[in-house]
Amino acid sequence: MRIRIVDAFTDRPFHGNPAGVLLLDSFPDDTWLQKVALEVNHAETAFAHPLPEGGEADWALRWFTPVTEVDMCGHATLATAHVLASTGSHEGPVRFATRSGVLTATPRPDGSLTLDFPTAPLTPVTAPDGLAEALGAEPLTVLDTGPQVGDLLVELADEKTVRDLTPDLRALGRHSRRGVIATARAEAPSAGHDYVSRCFFPNVGIDEDPVTGSAHTALAPFWSERLGSPTLTGLQASARSGHVRTELRGDRTLLSGRAVTVIDGELLA
């Protein structure tokens with residue numbers, strides 16, 4: 001079967017967030033899916049198969065890290081939609097049946113794709129003991145992002161503080177189900193982004209995720225309220241880096257970006 005590696009939330013190879021994508025006739029057993037994800041060894045591998053016509057969704061979609069299945073993944077959804085569109089496997093908007101409900105991806109005339117995801121509910125919480133030490137910076141604000149995202153959203157003093165983080169990942173993993181989203185307002189919005197973030201997910205086998213769509217369902221409402229605009233651009237300041245355009249629409253958040261296929265091969269196992 002065909003297996004592709006797609007860099008998501010970027011228009012250049014070797015940037016953004018890489019994801020494995022496999023289009024199947026049906027889902028094999030979970031053990032096989034997990035073994036493939038471990039072999040691919042990227043933050044996520046997406047598995048999708050077509051559904052019968054006339055239902056609420058067009059394709060079933062699941063996401064696996066190298067160590068576990070996850071409830072939501074933005075960049076691997078973008079990567080899957082890119083493969084469907086670029087190979088002619090599906091034309092126009094595509095509806096995915098997932099653990100997080102039906103998620104829609106819509107191709108745009110400029111070549112980008114827009115994902116329609118549920119907005120993460122944000123609940124202010126007291127910073128857990130040891131969080132500042134584990135992160136290596138003092139939080140200004142800490143919020144829980146709800147069960148689907150499963151992170152702590154931590155606002156830091158400025159963009160430089162976010163970029164300079166070198167957290168204790170083992171200690172950081174004690175404070176949330178998936179991990180921690182560190183964020184700050186952009187130092188210079190004229191640079192093309194309104195806020196920055198970095199995402200650390202040691203509990204699902206990802207020390208630092210390059211560009212995280214699901215995290216932006218929490219970042220969008222947080223920064224849209226702070227900055228007074230429903231439409232913003234976030235820069236995830238990882239080593240690979242990538243931009244996510246966000247548009248807050250109440251209980252839904254639109255995430256837009258590009259993707260590029262960098263490997264197209266054959267899985268023999």
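By class, the lining of the second largest cavity consists of seven nonpolar, two polar and one charged residues. In this classification, Ala, Val, Leu, Ile, Met, Phe, Trp, Tyr, Cys and Pro count as nonpolar, Asp, Glu, Lys and Arg as charged, and the others, Gly among them, as polar. The model is a predicted one, in which local features need pLDDT of at least 70 and side-chain atom pairs count only at pLDDT 80 or more, while totals for chains, interfaces and linings use all residues. Residues are numbered from 1 along each chain as its sequence is written, and side-chain values use heavy atoms, with hydrogens and water left out.

**Cavities**

The residues that line the second largest cavity are A81, L84, A85, H90, E91, G92, V94, A105, P107 and L113. Helix α2 provides the largest share, three residues. The space in this second largest cavity is about 40 Å³.

A cavity is here a set of points, on a 1 Å grid over the protein atoms alone, where a 1.4 Å probe fits but cannot get out; lining residues have an atom within 4 Å of a point. Grid points are joined across faces, edges and corners, and a volume is the space filled by probe spheres set on the points. Across the whole structure, the search finds two cavities of 30 Å³ or more.

The largest cavity holds about 70 Å³ of space. Its lining has 13 residues, and E44, C73, R178, D209 and T212 lie nearest its centre. At least two residues of this lining come from each of α2 (74-87), β14 and α7. Five residues of the lining are nonpolar, five are polar and three are charged.

**Salt bridges**

The structure contains 15 salt bridges, a salt bridge being a side-chain nitrogen of Lys or Arg within 4 Å of a carboxyl oxygen of Asp or Glu.

| Pair | Distance |
|---|---|
| R226 and E155 | 2.9 Å |
| E159 and R163 | 2.8 Å |
| E208 and R198 | 2.8 Å |

The side chains of R226 and E155 meet in a salt bridge. Because R226 lies in helix α7 (residues 213-227) and E155 in strand β11 (residues 151-155), this pair ties together parts that are 71 residues apart in sequence. Helices (H or I, at least four residues) and strands (E, at least two) are DSSP runs, numbered from the N terminus. R226 is partly exposed, with a relative accessible area of 42%, whereas E155 is buried, at 9%. Buried means under 20% relative accessible area, exposed over 50%, and partly exposed in between (1.4 Å probe, protein chains only).

E159 counts as buried at 7% relative accessibility, and R163 as partly exposed at 41%.

E208 forms a salt bridge with R198. E208 belongs to strand β14 (residues 206-209) and R198 to strand β13 (residues 195-201), so this pair ties together parts that are ten residues apart in sequence. At 27% relative accessibility E208 counts as partly exposed, while R198, at 8%, counts as buried. Elsewhere, salt bridges that share partners join D30, R62, E69, D71 and R99 into one network.

How values were computed:
1 Å grid on protein atoms, 1.4 Å probe; cavity = no way out; pocket = protein on both sides within 12 Å on 5 of 7 lines; lining within 4 Å.
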